[in-house]
Amino acid sequence: MNFQITEYCHHILEEYIEEGDICIDATAGNGGDTEFLCQKVGETGNVYAFDVQEMAISHTRERLERANLSTRAKLIHDGHEKMQTYVKEEAKVIIFNFGYLPGTDKRRTTTAAGSLAAVEALLERLAPQGCLSLHCYTGHEGGAAEEAALAQRLARLEPRRWRVLHCRDANRESRGESILLAERLPVRQR
Ligand code: SAH
């Protein structure tokens, strides 16, 4: 096995998703994560996918049409910081893939302040036994600060209610990618 970090992430996240679930792709980009989530939620589930770039939304739409999955997704051309306006349900898995969209304007990146605010708002939107996945990149300007801000925020989550992991390459030169996973633990009955 020599998984790309995104594939590795998908293998973990699929364990959390059941048929009929609601999931969110907060940064649709080229639609890879949206397609993955649509496959996993099945015919009765729903995926909300956000992106601020029209091109990303149309790439994602085409990708889902090719895979015959369009009916399972709501594509929203708006910022993920406005998610509360569009999503009223609790979500089982929420994926953020930060940075810029390869092949487009590299200045259109997510930002530390914006990403932190969106993640903060979403922590309460995650269903019990759900998982939040943050895919960070440190190669571009502002990327390292964004990763640090998000890692510090998640490190403060209450250990009885959350399990937080930070995964990165440890034995080779890092490609500047890491994944933060935050699992919302079930509430214990007394
Ligand atoms: N770096 C990744 C791709 C990231 S794509 C890779 O290498 O594969 C990140 C996406 O987030 C882009 O399509 C961008 O348009 C989108 N984005 C940036 N700010 C956003 C925001 N506030 N809300 C929703 N999407 C946003």
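Reader: Does C131 count as buried or exposed, and why?

Author: Burial is read from relative accessible area, found with a 1.4 Å probe on the protein chains only: buried is under 20%, exposed is over 50%, and partly exposed lies in between. C131 counts as buried because its relative accessibility is 1%. Please note that this is a predicted model, in which local features need pLDDT of at least 70 and side-chain atom pairs count only at pLDDT 80 or more, while totals for chains, interfaces and linings use all residues. Residues are numbered from 1 along each chain as its sequence is written, and side-chain values use heavy atoms, with hydrogens and water left out.

Reader: How many disulfides does the structure hold?

Author: A disulfide is a pair of cysteine sulfur atoms within 2.5 Å. The structure holds zero disulfides. For C131, the nearest cysteine sulfur belongs to C9 and is 7.8 Å away. For C38, the nearest is that of C23, at 9.1 Å. C38 also counts as buried, because its relative accessibility is 0%.

Reader: In what order do the strands of the sheet lie?

Author: Strands of a sheet pair through backbone hydrogen bonds, either parallel or antiparallel. Helices (H or I, at least four residues) and strands (E, at least two) are DSSP runs numbered from the N terminus, and two strands pair if DSSP finds at least two bridges between them. Here seven strands form an open sheet with mixed pairing, in the order β3-β2-β1-β4-β5-β7-β6. Its edge strands, β3 (73-76) and β6 (162-168), each pair on one side only.

Reader: Which strands run parallel, and which pair in the antiparallel sense?

Author: β1 (residues 22-25) and β4 (residues 91-97) run parallel and are joined by three bridges; D25 has I95 in β4 as its bridge partner. β5 and β7 pair in the antiparallel sense over seven bridges, with H135 partnered by I179 in β7. Seven bridges also link β6 and β7 in the antiparallel sense, and there H166 stands opposite L180 of β7. β7 (residues 177-184) is largely enclosed by the rest of the structure, because seven of its eight residues are buried.

Reader: What lines the largest cavity?

Author: On a 1 Å grid over the protein atoms alone, a cavity is a set of points where a 1.4 Å probe fits but cannot get out; a pocket is an open set with protein on both sides within 12 Å along at least five of seven lines; lining residues have an atom within 4 Å of a point. A volume is the space filled by probe spheres set on the points. The largest cavity holds about 40 Å³ of space. T6, C9, H10, L13, D33, I95, S133 and H135 line this cavity. The elements giving two or more residues to that lining are α1 (5-13) and β5, and α1 gives the most, with four residues.

Reader: What is the volume of the largest pocket, and which residues are closest to its centre?

Author: The largest pocket has a volume of about 790 Å³. Of the 38 residues that line this pocket, N97, F98, G99, Y100 and L101 are the closest to its centre. Two or more lining residues come from each of α2 (32-41), α3 (54-66), α5 (112-123) and β5 (126-137).
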